[in-house]
Amino acid sequence: AAVDALANVYSDRADYAGATQRVAAALARLRLREVRLAAVADDETLMSVALDVARAGVESLALPHGAFALEAAAPPGAAAAALAAPRLLRLDLSGCGSLSDNGLSLLVGSAPRLSHLVVSCNARLRTPVLRSPRLVSASFNICSNLEDAAVTALVASAATSLRALSLWRCAALREPVLRAPALVELNLAQCVELTDAAVAAAADGCPRLRSLQLAGCARLARPA
């Protein structure tokens, strides 16, 4: 019964308050460390999910194909407090195409221990403020408008811990600054605007790099 409540409770709009209480109780009783909730419909539901996750001490949260945006979660301080997840280590936002810069900034900032982040299929993201000093792996695949500044800031904040970074099909990236001495894997495939200077700088700034993917980077000079 607890598992059924956890799986279905967030679509129970007829008794929203009772539903959220049941899922909180289910989380506490089951002592879950991993939670996956697909297609979370809106910001209100997401805020309830986040509160339950924080109370239960969940370490891994997947919210694939969510329709939430967190476009204007105001006041920012209150939103950050509500979203706080001090034990969260893994966050998967695959297919959350409505998520705004502000929303991603809040979610990442609410998890000070975050070590693994997945974001994909989002054309809205441009310049989220991303600082996550314990990040070990990050994936931003098919984020077609993500700008250099956002990637540069994220990598700088996690420079000593980041080991894997995927920016596959981030078509707007041109010259992000990638200086990460612990980085081992870097996927820049199909970053069609990426320059030779950016790749050379990444090679210099990531001395432990063992895997570099550049397929489909149309602006790079071809070997003679």
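Reader: Why is R124 called partly exposed?
Author: In this predicted model, R124 has a relative accessible area of 37%. Partly exposed covers values between the buried limit of under 20% and the exposed limit of over 50%, so R124 is partly exposed.

Reader: What makes E71 and R124 a salt bridge?
Author: Their side chains meet at 2.1 Å, N to O. The cut-off is within 4 Å, so the pair counts as a salt bridge. E71 sits in the loop between β2 and α4 (76-83) and R124 in the loop between β4 (116-120) and β5 (137-141), 53 residues apart. E71, with a relative accessible area of 43%, is partly exposed.

Reader: How do you know that R174 and E193 tie together separate parts of the chain?
Author: R174 forms a salt bridge with E193, with the closest N and O atoms 3.5 Å apart. R174 belongs to the loop between β6 (164-166) and β7 (185-187), and E193 to the loop between β7 and α7 (196-205), so the pair joins parts 19 residues apart in sequence.

Reader: Why is E193 called partly exposed?
Author: Its relative accessible area is 30%.

Reader: What makes R33 and E59 a salt bridge?
Author: The N to O distance between their side chains is 4.0 Å, and the rule asks for within 4 Å, so the pair is counted. R33 and E59 are also linked with R87 in a network of salt bridges.

Reader: How many salt bridges does this rule give?
Author: The count is five.

Technical notes:
Residues are numbered from 1 along each chain as its sequence is written. This is a predicted model: local features need pLDDT of at least 70, side-chain atom pairs count only at pLDDT 80 or more; totals for chains, interfaces and linings use all residues. Side-chain values use heavy atoms; hydrogens and water are left out. Helices (H or I, at least four residues) and strands (E, at least two) are DSSP runs, numbered from the N terminus. Buried means under 20% relative accessible area, exposed over 50%, partly exposed in between (1.4 Å probe, protein chains only).
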